[in-house]
Amino acid sequence: MKADITYGIHAVSALLERDPKRVRRLLVLEGRHDNRLRALLERAREAGIQVKSTPRARLDELAGGVHQGVVAETTPLQAGSEKDLERLLENLEGPALMLVLDGVTDPHNLGACLRTADATGVQAVIAPRDKSAPLNATAIKVACGAAESVPYIQVTNLARTLELLKSYGVWITGTAGETDLELFDADLSGSTALVMGAEGKGMRRLTREHCDQLVRIPMAGSVSSLNVSVATGVCLFEIVRQRNTRR
């Protein structure tokens with residue numbers, strides 16, 4: 001099986017802490033011996049992982065980004081399926097909090113959304129199998145460890161999945177700029193699936209039709225919309241605020 005890569009101090013450290021069995025080998029920049037790297041290498045050796053000193057040019061070639069002198073060769077991180085989602089829903093304790101990404105194709109945005117999802121207690125990030133960002137090295141690095149802690153579930157039919165969520169008592173809240181209901185006026189304190197659409201196009205029509213309510217983020221300036229990962233953070237933390245207030 002072809003190896004994937006994870007790169008960057010934070011992403012590799014999180015991987016070693018949460019799922020070291022996925023790491024096949026650690027490639028480290030030749031001549032680097034600082035404290036941050038020393039702690040990472042100690043954790044790798046405790047897990048019995050091979051460490052190889054590697055020229056910068058080779059690390060640059062593998063990562064294609066800012067690797068900070070460390071690249072991990074790993075077994076691929078697989079997205080979950082509909083069966084994984086059903087299993088998760090059946091075993092939930094307390095209200096559900098799901099993030100649904102409809103048409104988000106940029107791995108940077110996926111990584112940022114996973115990171116915010118982890119910070120706000122989201123139990124799963126759900127996306128359609130087609131026309132969605134892959135869980136690749138870029139997304140994993142931007143997620144800073146959240147890709148290993150928050151399940152990323154790709155489904156064949158998003159509309160059917162939203163109906164599945166409803167059958168478990170989850171209220172579907174979509175985001176749309178043209179609705180009158182503002183985010184801060186909506187009741188988001190119960191079991192919720194937050195649906196975020198692609199930048200520019202927003203949610204697809206069929207996805208919108210399966211939402212129980214639509215909300216918008218009030219905008220005071222001249223900019224009409226936010227980056228999807230920023231908007232996701234605003235909405236998720238409003239859900240957390242409401243839950244904490246009503247607890």
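Modeller: Two packed helices are described by the angle between their axes and the distance between the axes. In this predicted model, helix 5 (residues 107-120) packs against helix 10 (residues 228-246) at an angle of about 10°, and their axes are 9 Å apart. Angles under 35 degrees count as roughly parallel, so helix 5 is roughly parallel to helix 10.

Colleague: Which residues make the contact of helix 5 with helix 10?

Modeller: Helix 5 contributes Asn-109, Ala-112, Cys-113, Thr-116, Ala-117, Ala-119 and Thr-120, while helix 10 contributes Val-228, Ser-229, Thr-232, Gly-233, Leu-236, Phe-237 and Val-240. By class, eight are nonpolar, six are polar and none is charged.

Colleague: At what angle do helix 1 and helix 2 pack?

Modeller: Helix 1 (residues 9-18) and helix 2 (residues 35-46) pack at about 25°, with axes 10 Å apart; they are therefore roughly parallel to each other. The crossing of helix 1 past helix 2 is left-handed. Among the residues in contact are Ile-9 and Glu-17 of helix 1 and Arg-36 and Arg-43 of helix 2. The contact comprises six nonpolar, two polar and three charged residues.

Colleague: In what order do the strands of the open sheet lie?

Modeller: The six strands follow the order 7-6-5-9-8-10, with parallel pairing. Strand 7 (152-155) and strand 10 (213-215) are the edge strands, each pairing on one side only. From one strand to the next, the twist averages 25°.

Colleague: Across which strands does helix 10 lie?

Modeller: Helix 10 lies across strand 5 (97-102), strand 8 and strand 9, and runs at about 165° to strand 9. Strand 8 (residues 171-175) and strand 9 (residues 192-197) pair in the parallel sense over four bridges.

Terms used. Residues numbered from 1 in each chain as written. Predicted model: local features only at pLDDT ≥ 70, side-chain atom pairs only at ≥ 80, totals over all residues. Heavy atoms only, no water. Axes fitted to C-alpha atoms, helices over the stretch in contact; angles between N-to-C directions. Helix = DSSP H or I, 4+ residues; strand = E, 2+ residues; numbered from the N terminus. Parallel < 35°, antiparallel > 145°, perpendicular 65-115°, else oblique. Left-handed = near helix turned anticlockwise from the far one by under 90°. Contact = heavy atoms within 4.5 Å. Nonpolar A, V, L, I, M, F, W, Y, C, P; charged D, E, K, R; others polar. Pairing = 2+ DSSP bridges.
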